[in-house]
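The sequence and structure are shown first.

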Amino acid sequence: MELTRQTAEQALQEASKTNPGPWIDHVHYVAQACENIAARCKNLSSEQAYLYGLLHDIGRYAGVSSEKHLIDGYRYCMERGWEKAAQICISHAFMIQDINTSIGEFDVSVEDYLFMKDFVANAVYDDYDRLVQLCDSLALPTGFCLLEKRFVDVTIRYGVHPATIDRWKKVLEIKAMFEKQIGCSIYDLLPGVVENSFL
Ligand SMILES: [Fe+2]
């Protein structure tokens with residue numbers, strides 16, 4: 001199945017029926033942020049970036065879960081031949097390529113855990129993986145926000161983990177890397193970020 005805006009939106013619409021929730025709004029903002037930033041990067045397609053942002057949490061179609069949504073999303077995309085989107089379904093949670101840096105719970109089988117461990121360690125990340133990692137931290141279900149606001153939002157929900165600060169540092173590093181490419185602040189490309197950050 002070809003990955004287009006239409007097929008991706010349809011996938012999301014179906015998923016919103018099996019597991020409705022604020023994650024649907026969140027992924028739309030992530031997609032928009034990915035698109036806007038990628039449009040300013042020489043080597044990225046804003047269209048591809050939008051689609052990867054939109055699909056990164058598609059594993060939530062299977063219901064409320066923790067890290068299980070990563071592998072559910074991976075399989076969902078692989079079944080449709082969306083290989084890069086499948087990688088991002090897992091990679092977006094691992095800005096550090098080590099399974100132990102996860103902040104969620106591995107509500108998966110031992111086989112699936114070992115698969116993910118290996119996958120994370122061996123995946124070759126490109127700027128699309130990094131872009132979704134960054135934009136996942138920029139979008140609340142209500143709109144764009146300061147990275148640091150999202151960091152606190154996630155930490156309140158998931159708790160403090162030994163890797164929490166290293167994960168924050170990595171995302172800030174990715175932000176700096178993209179800002180060098182786009183020649184401005186990422187926040188200049190996120191409409192409503194000021195208003196939403198101060199909500
Ligand atoms: Fe997300």
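## Helices H4 and H5

H4 and H5 are roughly antiparallel to each other, because angles over 145 degrees count as such and their axes cross at roughly 180°. The two axes come within 7 Å. The structure is a predicted model.

## Helices H3 and H5

Two packed helices are described by the angle between their axes and the distance between the axes. For helix H3 (residues 46-55) and helix H5 (residues 83-91), the angle is about 45° and the axes lie 9 Å apart. H3 and H5 are therefore oblique to each other. Their crossing is right-handed.

On the H3 side, Leu51, Tyr52 and Leu55 meet Lys84, Ala85, Ile88 and Cys89 of H5. The contact of H3 with H5 comprises six nonpolar residues, no polar residues and one charged residue.

## Helices H2 and H3

The axes of H2 and H3 come within 7 Å and cross at roughly 160°. That angle makes H2 roughly antiparallel to H3. H2 passes H3 in a right-handed crossing.

H2 contributes Val27, Val30, Ala31, Ala33, Cys34, Glu35 and Ala38 to the contact, while H3 contributes Ser46, Ala49, Tyr50, Tyr52, Gly53 and Leu54. The contact of H2 with H3 contains 10 nonpolar, two polar and one charged residues.

## Burial of H5 and H3

H5 is largely enclosed by the rest of the structure, because seven of its nine residues are buried. The buried residues of H5 are Ala85, Ala86, Gln87, Ile88, Cys89, Ile90 and Ser91. Their cover includes H3, helix H4 (68-79), helix H6 (110-122) and helix H7 (127-136).

H3 is likewise mostly covered, with seven of its 10 residues buried. The buried residues of H3 are Ala49, Tyr50, Leu51, Tyr52, Gly53, Leu54 and Leu55. Among the elements that cover the buried residues of H3 are H1, H2, H4, H5 and H7.

## The largest nonpolar core

In soluble globular proteins, nonpolar side chains tend to be buried together. The largest nonpolar core of this model has 53 residues, of which Ala33, Cys34, Leu55, Ala85 and Cys89 touch the most other members. At least two residues of this core come from each of helix H1 (5-18), helix H2 (23-38), H3, H4, H5, H6, H7 and helix H9 (164-182). H2 supplies the largest share, eight residues.

Which residues does alanine 85 contact, leaving aside its neighbours within four places in sequence? Alanine 85 is in contact with Leu3, Leu51, Tyr52, Leu55 and Cys77.

## Glutamate 79

Glutamate 79 and methionine 1 are 78 residues apart in sequence. In space, their C-alpha atoms are 9.0 Å apart.

Terms used: Residues numbered from 1 in each chain as written. Predicted model: local features only at pLDDT ≥ 70, side-chain atom pairs only at ≥ 80, totals over all residues. Axes fitted to C-alpha atoms, helices over the stretch in contact; angles between N-to-C directions. Helix = DSSP H or I, 4+ residues; strand = E, 2+ residues; numbered from the N terminus. Parallel < 35°, antiparallel > 145°, perpendicular 65-115°, else oblique. Left-handed = near helix turned anticlockwise from the far one by under 90°. Contact = placed C-beta atoms within 7 Å. Nonpolar A, V, L, I, M, F, W, Y, C, P; charged D, E, K, R; others polar. Buried ≥ 20, exposed ≤ 12 C-beta atoms within 10 Å, placed from the backbone. Core = buried A, V, L, I, M, F, W, Y, C linked by C-beta atoms within 7 Å.
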